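Colleague: Could we go through this structure together? I would like to discuss salt bridges, a sheet and a few individual residues.

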Amino acid sequence: MLEIGNPLPNHNDHGLYQLGRVDHATLEGKMVIPMHLHKNDEILSYVRIGEMVHKDSDGNNVAINNQYLMMMNAGSGFYHEEAVPKEGEITEMLQIFMRPRKDELQPKVQFHHFEDTYSFNKWRLIGANETSNAPLKINSDIEVFDARLQDNIDVKLPKLTANQVGYLYVFKGDLELSNNTDLKTRDAVIFEGENLIVKSKQQADLILFIMDITSEVSKNGLFAN
């Protein structure tokens, strides 16, 4: 197991296979990020607290929240604006930049309403490749899951194949792995070839990425390069 923050042997890339980067953002009310270009990035807006208003070059003007998530497949080019319009409101979210399997794909944006805000004590599939049954489609061989663990709950991490690697991020909480690794808010671990169990010491919100190390990826995105 390798904890984020430790050097990865022979690794000269700030990302990891299909995952370019994960930005944990806190946005204050009346904040506006003006219209800007994304290209060759697959971007999941994963809001947990508050809401973000998304406007784009397709004419969408949509409020994203913790049940209504957005996937932007930027492809050959897509413009959008982000804003937290209400005074005094705080939005906390992950902006997740993933790498497509090739450049210049047809751009599009997807929205999905999840019936439940949280998936209690089990992994919920949020996004995966185009052939999957995931609610949000990603032009890449990556799977994205989330879960909310209640106090003192044990949950197994999925068993990976020989071609897969996992990345677990703690949005909020306090937990430990079965190999005695402690994790707290904003901590993350990379794992492969291990059958691990996660145990929460207190309520924990988690997001999990499973990547295929043999699949091709483009590193020509503007943000996930």
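Colleague: With which residue does Lys-201 form a salt bridge?

Modeller: Lys-201 forms a salt bridge with Asp-182, and their closest N and O atoms are 3.0 Å apart. The term requires a side-chain nitrogen of Lys or Arg within 4 Å of a carboxyl oxygen of Asp or Glu. Lys-201 lies in the loop between E19 and E20 and Asp-182 in strand E17, so the pair ties together parts that are 19 residues apart in sequence. Strands here are DSSP runs (E, at least two residues), numbered from the N terminus.

Colleague: What should I know about the model itself?

Modeller: This is a predicted model, in which local features need pLDDT of at least 70 and side-chain atom pairs count only at pLDDT 80 or more, while totals for chains, interfaces and linings use all residues. Residues are numbered from 1 along each chain as its sequence is written, and side-chain values use heavy atoms, with hydrogens and water left out.

Colleague: How many salt bridges does a search of the whole structure find?

Modeller: The search finds eight. One of them joins the side chains of Asp-205 and Arg-148, at 2.7 Å from N to O. Asp-205 is in strand E20 (residues 204-212) and Arg-148 in strand E13, 57 residues apart.

Colleague: Is Asp-205 buried or exposed?

Modeller: Asp-205 is buried, with a relative accessible area of 10%. Arg-148 also counts as buried, at 13%. Buried means under 20% relative accessible area, exposed over 50%, and partly exposed in between, with a 1.4 Å probe and protein chains only.

Colleague: Turning to the sheet, what is the order of its four strands?

Modeller: The order is E14-E19-E16-E17, in an open sheet with antiparallel pairing. Strands E14 (154-156) and E17 (182-184) stand at the edges with a single partner strand each, so one side of each is left without a neighbour in the sheet. Two strands pair if DSSP finds at least two bridges between them.

Colleague: Which residue in E19 is the bridge partner of Val-155?

Modeller: Val-198 is the partner of Val-155, and Val-198 is also the bridge partner of Leu-177. Three bridges join E14 to E19, and three join E16 (residues 174-177) to E19. Val-198 and Ser-200 form the covered face of E19, whereas Ile-197 and Lys-199 are on the uncovered one.

Colleague: And Trp-123, where does that lie?

Modeller: Trp-123 is in the loop between strand E10 (108-113) and strand E11 (124-129). At 18% relative accessibility, Trp-123 counts as buried. The side chain of Trp-123 reaches the backbone oxygen of Lys-156 at 2.9 Å. Leaving out residues up to four places away in sequence, Trp-123 touches several others, including Val-155, Leu-157 and Leu-208; contact means heavy atoms within 4.5 Å.

Colleague: Last one: with which side chain does that of Gln-95 make a polar contact?

Modeller: The partner is the side chain of Ser-45, at 2.9 Å. A polar contact is a pair of N or O atoms within 3.5 Å; within protein, one must be able to donate a hydrogen and the other to accept it, and residues adjacent in sequence count only if both atoms are side-chain atoms. Gln-95 lies in strand E9 (residues 90-98) and is buried, with a relative accessible area of 9%.
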